[in-house]
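Here is a short briefing on selected features of one structure. Please keep the sequence and the model open while reading.

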Amino acid sequence: MQTDKEILIKLAQQNPSELSPDELGQTALLRKIQIPRPLVMVNSSTSGIVAGSMRTWEAIEQYAAERSIDIDLAETGSIGLSSEDPVISVQLPGRCRIFFSRITAEKVSCLLDDLFHREVPDQHVIGQLIREGQEPWKDVPSLEDIPYFALQSRIVLESCGIIDPFSLEEYIAGGGYRAFLLTIRSYTFSEVCDLVSDSGLRGRSGGGFSTGEKWKAAFRTPSDQKFLVCNAEESDPGAFMDRTLMEGDPFRLLEGISIAAYAIGSNRAYIYIRSEYKNAIRRINNAIKILREMGLLGDNILDSGYNLQISLRKGPGAFVCGEETALIASLEGRRGIPSSKPPYPSTSGYLGRPTVVNNVETLSNLPGIIRNGPDWFKGIGTTECPGTKIFSISGRVKLTGLVEVPLGTSFDTIVNKIIGGVGKGRELKALHVGGPSGCMVPVELMDIPVTYETLKEKGLIMGSGGIFVMDDQSCVVNTVSYFMEYMNKQSCGKCIPCREGTRRMAEILRSIIRKPADEEEHTTLDRFKGMMRLETLAEVMKDTSLCGLGQNAPNPVVSTLKYFKNEYEEHIFDRRCPSNSCTELRSWFIDVDLCTGCSICAKRCPAEAIIGTARHPYFIVQEKCIGCGICHEVCKFTAVYYK
Amino acid sequence: MGVRLEVNGRSIEAEKGETILSALNRHGMHVPTICSMKDLSPSGACRMCVVEVEGSENLVPSCSFPIEGPMKIMTHSPRVLRARKTNVELLLSNHPDDCLYCERNGSCELQSLSEDLNIRERRIPGKRSPHKIDKSSPAIIRDPSKCILCGRCVRICEEIMATSSLDFAHRGNELKISTTLAKPLNYSNCTSCGQCLVACPTGALIEHVQFPELEEHIHAPGKLVVAQYSPAVAVSVAELLGYKPGTDLSGIINAVLRRYGFDKVFETSFGADLMIMEQARIYQDRKRDGQDLPLITSSCPAWIHYAEQYYPELLYLLSPLKSPQQIAGALIREWFPKAEKEEGKEIVSVVISSCTAAKTEAKRVEMTRTGIPTIDLVLTTRELARMIKLSGLDLELLEPELPDAPFYSTGSAGKLCSVAGGEAEATVRTIYAQITGTEIPASKLHRFRINKSYREMIVKAGKTEIRMGTVSGLANAVAVIEELLSGKRKLDILEVMACPDGCINGGGQPIPAVEKLIRSRSKAVYDMDNGSKNHTAHGDPLVQEIYRDLLKEAGGKLSQDLFYTTYLKREVLL
């Protein structure tokens, strides 16, 4: 759909209430509310592709071609339900759009057959999107009524999974770019800083520092050039909100960047993105190209006299490059290692110039704040922490995906009510919040309202908002050990406490969850001493590490030693894992009564620890057994069990 | 602007903007540091200098924290001490326990830190990381297992020497100091200047010790072991032997070396005298032809190495002369057997130098004659100190002796070459005398001795002007040479010394090389010159004798044969 540049700019400049009937019609067309042909939108974001949405796409194309049906097929981002992918949505002219879950290629023809006969299949339905001027389907729940959506306040994720991320028209028709045009036409630099400062927006990457104040510091520093850097180096394993935002709604991010760059008086903005996010890179590059063509980026934007260039820089994908000084070093082409603060980047950053580093989610909040005013934003969340926060939920839960809730919502609401809790028959043990340098939240603390302050009071951190849910089958010590090894690999290695501290902590934790190689190694006393040393190491690392990575690396250890000490003790003194997930600590046995002597376990044992004669019960030599559990998997008679 | 700090309950004055560390040091308060080095950018990596600042959540690194306003600081609170101790323990947790066998035993900063912090057991055991020792360079041995990754070598190589042979590679527990593509050091662009091993706090970087090889030769029948030592060694070895820094121990060294078993003991400064004679001649020739100016000196082997790698287009400006130790060495090989009639004996030529690059230089193909290296062994000042201790002589009772004739300098021109600026000064003295026929008043050139990395001066010799300049530290040299190339600067003679402050701060010198000690070394060299009766190379009777008896004239056939060489472009992996 080609639209004249002027019409689009005119749309972006006007209040929705002042639109003429002509323009309203135009908007409805652009927003895909009125459509000439049936529309099928496929989630082509990373989570969708992984689940096979590209094959679904091909199946839909083939379906339409075989039956000569004229349909529009469009890409969209993820609606947030990663575990339900491939998600597709279908809209027939005049009717509401329905979202379907888990539509793999083979299910396409059945589904579309039903729909074109105006019938909705029983399975796979998520819900329908109710919009003005469309006729709702009978017996299909509205998206707003299902618990996953009902309890969320989608502000930043508003259009994710609904609009086409390649279409600027759709973004503008939905209210996009009003905020930016308002900014460059009606506000001075410092007014924008004040406005955002007034709204109380705080950095969403974990620190929770006031965005407006950060801008002001950079704005006040005199310099010939200032820089805005968007931190899209989302490197927490288990966090994917930034990727989803960039893939689902890239123009929102770019509008946010434009507003932020304007606020600090910068003409140059960079998006520092990890190179693994190929899908997001493609969409952002496409968006930048369109914006340049439209004159919304470049020199003298819409005759305002304001120039802005945004460019994308690919990072090598290192955890430490999420730290702002390391990010800037990497951006400059040097090794991505942090440097001492002060000086802060807002006074001396990229190329020694004042630089503001904001994260994707923070920047994506800006269009809403400018459009609706700071008071609207302050009405959401708590007084100290207004606004919403996106959490990405993974682990042992019914649904995995993104949840956007007002700050101050409890973990209980997020995990149990919205996501639906842990699997059937399982019991929630803990939440690991904030990625590898996050904290383990025990069930007792599920009810606290989630804000930067309340978490800090309890010794926890929000981090970037990744929540890893653990049930009674997940081992706390094992998870902590995994995270510590991750941190050790990801540490830049510059400062001693972080480089050596994470290495020693990982070694101590490993000795707790593994079997000793020989009798002499890691006696119970050694392992107990190791646990005691973990506390000292954690304190010193927090006290002396150069950057946030080292200071926060011991968080999982500290929080688990506080809330789950009994699990450590069980590993150390009893040499057993209460949740049976530390494979090396399991002792396997063969039930003499059940074993038929088929010998399959002995053949498959990698350690050659199973001996016996065919057709007689086999026996596991404990000294040789490495606890892998392959014998258990291959036994057809359930004769292998562990203690 | 003054700010008042309260440190451990006492009030001190500090400047706004300076670091906490510099304010503390100025008031006589010391906090331990590993990664911090004078003249280098603060890194904040070792976290040893942390202090407790009231109002700050975490401990603060004093080396990089600028003072903004009044602060309350605790430098030795239990929390701070525990943090420092734990961090040293972390470093030690997988450090090789071979202090007794370590080259740096006794001068190791990690050793003294753990001693100070009273670390008496390994509380945090750690897995050793496997590392290979790199012995490929003739000058430097790298043992990564002893490396504590402070980055001092990286920064000195990059910021002072502009070479960047070493840098960090990998990350996390894999982090290591590496050369380009992890090739051995002899493949890299290393100039062997040795500044990194002076900077290294532990034994991760040490010189290629040749002192044990000496044992095979000394006292061996049929071998004539000849030593030559440079004046930079004479004025600095005192620091390692418990003398007052800056004491000239030439006489003692002569006596000890003879008793140790050397058959002859000479001075490298004699080679420097000859170099000055030849250099003056080359200058006069070039000035007369009005081309190939400025004359850039070639006495520093590290600088030669650097120029061959990075400025092949400028090699024609370089003086074609060898370094003083090679000139003296060539003379010893060629002239000595004839004069002394000891032809049957095999000569073993040993250089005792403050320079590690001399070790590499001695292995160069240009420095051989008929396939035989001119110099057999190169020892550093540190190796000499060990040899003196091993000799078991009571230095107090030893009578100073003179070096052997004919290769020692009675004047001070050659000796002056061991400080930055000295070579230019001594050369200009001879040139001046050749042009005007009178000696230049010594004081006329004293203005050239200010303590700056780059110095420039115009000397009027009759009607001609000689624009002389000296620069030390390769990074500074690069800056000056770029200015010469762009035409911003015009010079007639440029002396380049790779090490900051010249040979007295060479890579083979006593560790630590702190500012105060370096000043005392340079003062000792200047004192030698000031106290000398003969300030010039051409005025030295022994030099005159050599030219009369053997060389005939500067630039003559035999000098060309012995002292001149060609420097060629060197391809290197960057």
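How many residues of domain 1 of chain B are in contact with domain 2 of chain B? The model is predicted, and in it 10 residues of domain 1 of chain B contact 13 residues of domain 2 of chain B.

**Domains of chain B**
- Chain B divides into domain 1 (2-76), domain 2 (91-207) and domain 3 (212-563).
- On the side of domain 1 of chain B that touches domain 2 of chain B, seven residues are nonpolar, two are polar and one is charged.
- The centres of domain 1 and domain 2 of chain B, taken over C-alpha atoms, are 27 Å apart.

**Helix pair in chain A**
- The axes of H20(A) (residues 496-513) and H21(A) (residues 524-544) come within 10 Å and cross at roughly 155°.
- Angles over 145 degrees count as roughly antiparallel, so H20(A) is roughly antiparallel to H21(A).
- The crossing of H20(A) past H21(A) is left-handed.
- H20(A) makes the contact through residues including Pro497(A), Gly501(A), Met505(A) and Ile512(A).
- H21(A) contributes residues including Arg527(A), Leu534(A), Leu537(A) and Thr544(A).
- The residues of this contact of H20(A) with H21(A) comprise nine nonpolar, four polar and three charged.

**Ala272(B)**
- Ala272(B) sits in helix H9 (residues 268-289) of chain B.
- Is Ala272(B) buried or exposed? Ala272(B) counts as buried, because 30 C-beta neighbours lie inside 10 Å.
- Leaving aside residues up to four places away in sequence, Ala272(B) touches Pro324(B), Gly414(B) and Cys417(B).
- Arg122(B) is 150 residues from Ala272(B) along the chain, and their C-alpha atoms are separated by 52 Å.

Definitions and conventions. Residues are numbered from 1 along each chain as its sequence is written. Chains are lettered from A and ligands numbered from 1 in the order in which they are written. This is a predicted model: local features need pLDDT of at least 70, side-chain atom pairs count only at pLDDT 80 or more; totals for chains, interfaces and linings use all residues. Axes are lines fitted to C-alpha atoms, for helices over the stretch in contact, and angles run from 0 to 180 degrees between N-to-C directions. Helices (H or I, at least four residues) and strands (E, at least two) are DSSP runs, numbered from the N terminus. Angles under 35 degrees count as roughly parallel, over 145 as roughly antiparallel, 65 to 115 as roughly perpendicular and the rest as oblique. A crossing is left-handed if the near helix is turned anticlockwise from the far one by less than a right angle, and right-handed if clockwise. Two residues are in contact if their C-beta atoms, placed from the backbone, lie within 7 Å. Ala, Val, Leu, Ile, Met, Phe, Trp, Tyr, Cys and Pro count as nonpolar, Asp, Glu, Lys and Arg as charged, and the others, Gly among them, as polar. A residue is buried if 20 or more other C-beta atoms lie within 10 Å of its own, exposed if 12 or fewer, and partly exposed in between; C-beta atoms are placed from the backbone. Domain bounds come from an automatic or database domain assignment.
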